[in-house]
Amino acid sequence: MATLYAEIQPFETGTLKVSDIHTLYYEVCGKENGKPVVFLHGGPGGGIGERDRRFFDPAVYKIVLFDQRGSGKSTPAASLEQNTTWDLVEDTERIRKHLGIDRWVVFGGSWGSTLALAYAETHPEPVKALVLRGIFTLRKSELLFFYQNGTSHLFPEAWDDYIAPIPEAERGDMMKAYHKRLNSDDEKTRLTAARAWSKYEMSTSRLIPDPDDVNKAAEDDWANAFARIENHYFINEGWMRDGQLLEKQSIDKIRHIPTVIVQGRYDVVCPATTAWALKKEFPEAELHFVPNAGHSAREDGIAKLLVEATNKFRDL
């Protein structure tokens, strides 16, 4: 992926205890005294990876990445206790203060875009700019499209694998049926459900599916955290009103913040209608539809525009 910056290693890694249960893993890379940017990963439950460091010019940016509660190297793994949207919003602020950062650019895709919006609408003062990809606002309509009736029409073979662990009588509410199994006392039941849930998302995230993405769903530790935490958030509707992040009163708090939105036209995980709804409520934002892409930040057209967006904000 030539559009990304070269691979880099952190100059600082650490942990931050954010509750009596949770300790977050974080890393900082790029320029030590550079302009701060924070990367908010997807899922929820997905965790950070080496590729996530590469959307930012390391000669300019001080790049902060962290694993959200229960994700990646944060502990305890896959924990649902004290794990809500608003906990993560405050964790993001705790990381900023812990690192002595005054203001920063906030970058997030998919669930990361949800968290970025929630964070900026709660704490607009430290946000210099927003770079958002694959917009997701946790509305019921968005969840139902992917997990109940929508994407199933476009990826029928992936859908069949997704519904396979669920008895036909329970398929009228797939998120509820999966919730039961992802929280089962039986480890085999949990892992079977986690692999199937994760494989469905990995199989549908790109315009042309990548076998490496699909194979990641077979990694039990990753799939368990990813599926359990995602389902936990979605069953609880993100602990917010339906459409809260798109309400005028919410957008008015961030209207002054320079914002770039990058959206794959054929995204079936977080369909383009949500990015369009955000643009209509937030016309000051700059929206780019990528005509030959789905959901993944790994797709060339999306990656190119994300790098262009972070380069645009280098001088802030």
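**Close-up views of a predicted model**

**View 1. Helix α8 is mostly covered, with 13 of its 16 residues buried.** Buried denotes a relative accessible area under 20%, exposed over 50% and partly exposed in between, computed with a 1.4 Å probe on protein chains only. The model is predicted, so local features require pLDDT of at least 70 and side-chain atom pairs pLDDT 80 or more, whereas totals for chains, interfaces and linings use all residues. Residues are numbered from 1 along each chain as its sequence is written, and side-chain values rest on heavy atoms, with hydrogens and water left out. Helix α8 covers residues 220-235 and reaches 22 Å from its first C-alpha to its last, close to the expected 22 Å; the expected span is 1.5 Å times one less than the number of residues. Helices (H or I, at least four residues) and strands (E, at least two) are DSSP runs numbered from the N terminus. After α8 comes E237, whose phi is positive, near 55°.

**View 2. The UniProt record (unreviewed entry) places the feature "active site" at S110, D267 and H295.** UniProt positions follow the numbering used here, feature names are shortened, and annotations may be inferred rather than shown by experiment. These residues span 186 residues in sequence, yet no two of their C-alpha atoms are more than 10.4 Å apart, so they gather at one spot. Of these residues, S110 is included in the lining of the largest cavity. On a 1 Å grid over the protein atoms alone, a cavity is a set of points where a 1.4 Å probe fits but cannot get out, and lining residues have an atom within 4 Å of a point.

**View 3. S110 lies in the loop between β5 (104-109) and α2 (111-122).** S110 is buried, at a relative accessible area of 7%. Leaving aside residues up to four places away in sequence, S110 touches R133, G134, F136, C270 and H295; contact means heavy atoms within 4.5 Å.

**View 4. H295 occupies the loop between β8 (286-290) and α11 (300-312).** At 5% relative accessibility, H295 is buried. With residues up to four places away in sequence not counted, its contacts include S110, D267 and C270. The side chains of H295 and S110 make a polar contact (2.9 Å), defined as a pair of N or O atoms within 3.5 Å; within protein, one must be able to donate a hydrogen and the other to accept it, and residues adjacent in sequence count only if both atoms are side-chain atoms.

How values were computed: 1 Å grid on protein atoms, 1.4 Å probe; cavity = no way out; pocket = protein on both sides within 12 Å on 5 of 7 lines; lining within 4 Å.
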